[in-house]
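Biologist: Could you walk me through this model, one feature at a time? I would like the general idea and then the case at hand.

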Amino acid sequence: MALTQMLLNRNLSKSEQLHFAQQMLALLQAGLPLLNAIQLLIQSAPISWKIWLEDIRKQLQKGNSFSFCLSAQGGKFSPEFSNLIRVSERTGDLSLALRTISQQLEAQIELRRKVQQSLTYPVITLTTSFLLVLVMMIWVVPVFKEVFGHFNAELPAPTRILIFISTGVQSHYLEIALGALVVVASFVYTWLKSIALQKFCDALLLRIPFFGNLFRLATLSHWCRTLGHLLETGLPLPDALRVTAQSSNHWVSHDFSAEIFKHLTRGWPLGESLKRADPQSRILDVETLLLLHIGAESGALAEMLNKRAATLGSQLSSQLNALSQNLEPALILLVGAIIGSLVIILYLPIFNLGQIV
C-alpha cells in the first residue's frame, strides 16, 4: 500500500511530461475546450495519472487557471512547464505553449539519451574494473599471501604494500562501506539543504577540464532554447528572462539570467548586459555573445537564440561522440595497466624465487 501511494505521489519524468503535453496539444488542436480535454484524458490515462488529473479537473471547474492547477500538483510538473503555461494564459495561445514545451522536452530527452549513450560504456568498464580489483583484494591476494608465508626472505616492497592493503580491506570492509555510505549520504543531504553548496558544485562542473565544456554547452543550449521560445510566445525580454531564471535547474544559468535582467532594468542594452552578467565567460562564449548582440540590434533575437541553441546542440553531440570514441581505447589501456600492475606485483616474489628460497 505504501509503495502504491509513493508511486502515485512521485514527480512525472520528462518523458511523461512530454506525453501529457503532446496529448493535450492534440486534443486542443482538435477543437476541444480545456476542461473537456482533461475529462477525455482521464478516461484513457494510466491509473497512476487518474488521481492528479481528477484534481486538475476539479480545480478547473472551480475557475482556477490551468497553470495554477499544474502548480498545485506537488511538483509533478517542472517549473519550466508551469511557467510556460502561465505565459500562454497571458497571450491566450495555450497550443503554442504546449508545442513549445513538447519541443523543449524532446530536445532535453534527446540530449540526455546522447549523454547516457556516451557514458554507458565508460561507467560499465570502470565499475567492472573496480569490482575485479575488489575480488582480487579479497580472494586472490590472500591466497598469494599464504604462499609467500613459506618464503624465508623479505618480500618486495610493492608486494608488501599490496598485501597490507588487502588485509586492511578484508578486516575492515564493513567499516569502509559504512563510512563511504555515511560520506555520500551526508553530502547528498547537505547538497539538498544548502544552496551555497549547490552553486559551488554547479560552478565547479563548468571548470572541469574538457568535461566542463560539455556541461557549458548543454547549459547554454538549454538557456538559449528556453529564452528563444519564451520570446516567440510574445513575452517581453525582461519577463522572459525572469521565467528563464525560474525554470533553470542550474544555478550558474539562473544567476546569469538574473544578472542580465538586473542590468537591463538599469538601462543597459542587451549586448552590454550580457557582458556584465558573465564577465569571466563561465557560460557565454564570444560567438554566442556577438550573435545575440546582432539579433537584439536587428530585432530577430528569438530567431537567433533558437538557431544558436541548435548549433550548440550539434557541437555538444559532436563532442560527445568524440568523447565516446576516445574514451574506449583509453579505458582499455587504463584497465589493462591496473590489472597488469596487480598481477606483476603479485608475481614479483616468484620472479625472484631463486634469490628468496
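Biologist: Among contacts in the chain between residues at least 6 apart in sequence, what percentage join residues at least 24 apart?

Modeller: Contact means heavy atoms within 4.5 Å. Of the contacts between residues at least 6 apart in sequence, 62% join residues at least 24 apart. Before we go on: this is a predicted model, where local features need pLDDT of at least 70 and side-chain atom pairs count only at pLDDT 80 or more, while totals for chains, interfaces and linings use all residues. Residues are numbered from 1 along each chain as its sequence is written, and side-chain values use heavy atoms, with hydrogens and water left out.

Biologist: How many helices and strands does the chain have?

Modeller: Helices (H or I, at least four residues) and strands (E, at least two) are DSSP runs, numbered from the N terminus. Here there are 16 helices and 0 strands. The radius of gyration, taken over C-alpha atoms, is compared with a globule rule of 2.2 Å times the number of residues to the power 0.38. The chain has 28 Å, well over the 21 Å that the rule gives for 357 residues, so it is more spread out than a compact globule. Its C-alpha trace spans about 90 × 55 × 35 Å along the principal axes.

Biologist: And how do I read aromatic pairs?

Modeller: A pair of rings is described by the distance of the centres and the angle of the planes. Rings of Phe, Tyr and Trp (its six-membered ring) pair if their centres lie within 6.5 Å; planes under 30 degrees apart count as stacked, over 60 as edge-to-face and the rest as tilted. By this rule the count is 10 aromatic pairs. Take F20 and F77: their centres are 5.2 Å apart and their planes are at 55°, so the pair is tilted. F20 lies in helix α2 (residues 14-29) and F77 in the loop between α5 (66-71) and α6 (79-91), so the pair ties together parts that are 57 residues apart in sequence.

Biologist: Are F20 and F77 buried or exposed?

Modeller: Buried means under 20% relative accessible area, exposed over 50%, and partly exposed in between (1.4 Å probe, protein chains only). Both F20 and F77 are buried. F77 also pairs with F81, with centres 4.9 Å apart and planes at 50°, so this pair is tilted. Ring pairs link F20, W49, W52, F77 and F81 into a cluster.

Biologist: What does S166 touch?

Modeller: S166, in helix α8 (residues 157-193), is buried, with a relative accessible area of 1%. Not counting residues up to four places away in sequence, S166 touches M137, V141 and P142.
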